[in-house]
Amino acid sequence: MHLKWKNVTCAVAATLAMATGVAQAAELNFASWGGNYQGAIRDAWLKPFSKESGITIHEDTDPQVAKIRAMIDTKSVTWDVVTENSARLTRGIKLGVFEKITPDMVKQDHVIANARNDYGVPSEIFSTNIGFSTQAFPAGKPQPSTFADFWDVEKFPGKRTMQDDPATVIEAALIADGVAPADVYKVLATKEGLDRAFKKIEAIKPHVARWWKSGAEPVNALGSGEVVMALGWNGRFQAGIDSGLPIAMGWGDSIAQVGYFAIVKGSPNRDAAIKLLNFMIQPKNQAEFSKYIAYGPTTEAALPLIDAKRLERLPSTTERLKNSIFLNSEFWDANGPAITERYNQVRAR
């Protein structure tokens, strides 16, 4: 074929392909935090979404807010959708790295009110609660359930472990000291309230064998018998239970946290990103996530779609949320550095 006519033919073919929507396969660049969490997202949402939509998803990890800001500043944005917890989402909002999500983009009327955010679609709920050794506190005898039980070393003797980060520990300390969950952040907003929380932490400190850094540590410490009780993440405790460790959880109190899917400002595949968020937040798809990891849905409409056995593992059932408060990321963004410095001083003494 003559080169001139070959070029014309190729141009016509390209035009026809674009008209039929097959010139360029739709793509989406997604970044999360790896491990079992990203694996659960992949199995519950990414693979089914890709199959249904025909959109190819490329995965990455470690979507730190600073990295996203650098992409935007250098006009080299590659990520479309990233997952963030409430603290990182709040930080990113203040740095202007996430696109505001309007009701026209994603309808969220059915989402739990305390989980909503204008810049992220809530993906799952996890919690900090009590894990305990069933060898130390076997069935048929008193077992700990509340934050007050965690601090009650006379009724429930033995070593404890708490996180080396004060977020959730401060809240648990105040609830253990008798502050109503609904009033925790109002009390923490005062010097007297913060002092009250730290006094409670000072009281439990002699019984703390370990200040854990990674979520696996409290599970391992319980399993080995190093401690009899821990404040930790429900998903990690559940993983330990599933692996056969002698661990159980108390649900009398908990502090809920929310994961979010956010769209990076300047996303190169914005339409595909919006489609993924709409797919993920559908109740039937929210119900799927708990098959792969013990995190709860962000909409009550998903609960009837989850079998009773799985519901027992989840933090966001209607009954458990009655005994829970949601972590206030605005409070921690404003006060976190000062509280963390004081907390580290207490631990070091």
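1. Domain bounds, as used in this note, come from an automatic or database domain assignment. A pocket, on a 1 Å grid over the protein atoms alone, is an open set of points where a 1.4 Å probe fits, with protein on both sides within 12 Å along at least five of seven lines, and its lining residues have an atom within 4 Å of a point.

2. This is a predicted model, in which local features need pLDDT of at least 70 and side-chain atom pairs count only at pLDDT 80 or more, while totals for chains, interfaces and linings use all residues. Residues are numbered from 1 along each chain as its sequence is written, and side-chain values use heavy atoms, without hydrogens and water.

3. The largest pocket holds about 1200 Å³ of space, a volume being the space filled by probe spheres set on the grid points. Its lining has 45 residues, of which Asn85, Arg88, Phe126, Trp233 and Tyr295 are the closest to the centre.

4. By class, 17 nonpolar, 17 polar and 11 charged residues line the largest pocket. Domain 1 (27-125 + 258-316) and domain 2 (128-256 + 326-348) each supply at least three residues to this lining.

5. The second largest pocket holds about 210 Å³. Among its 14 lining residues, Ser86, Asn117, Tyr260, Leu327 and Ser329 are the closest to the centre.

6. In the second largest pocket, 6 lining residues are nonpolar, 6 polar and 2 charged. At least three lining residues come from each of domain 1 (27-125 + 258-316) and domain 2 (128-256 + 326-348).

Technical notes:
Nonpolar A, V, L, I, M, F, W, Y, C, P; charged D, E, K, R; others polar.
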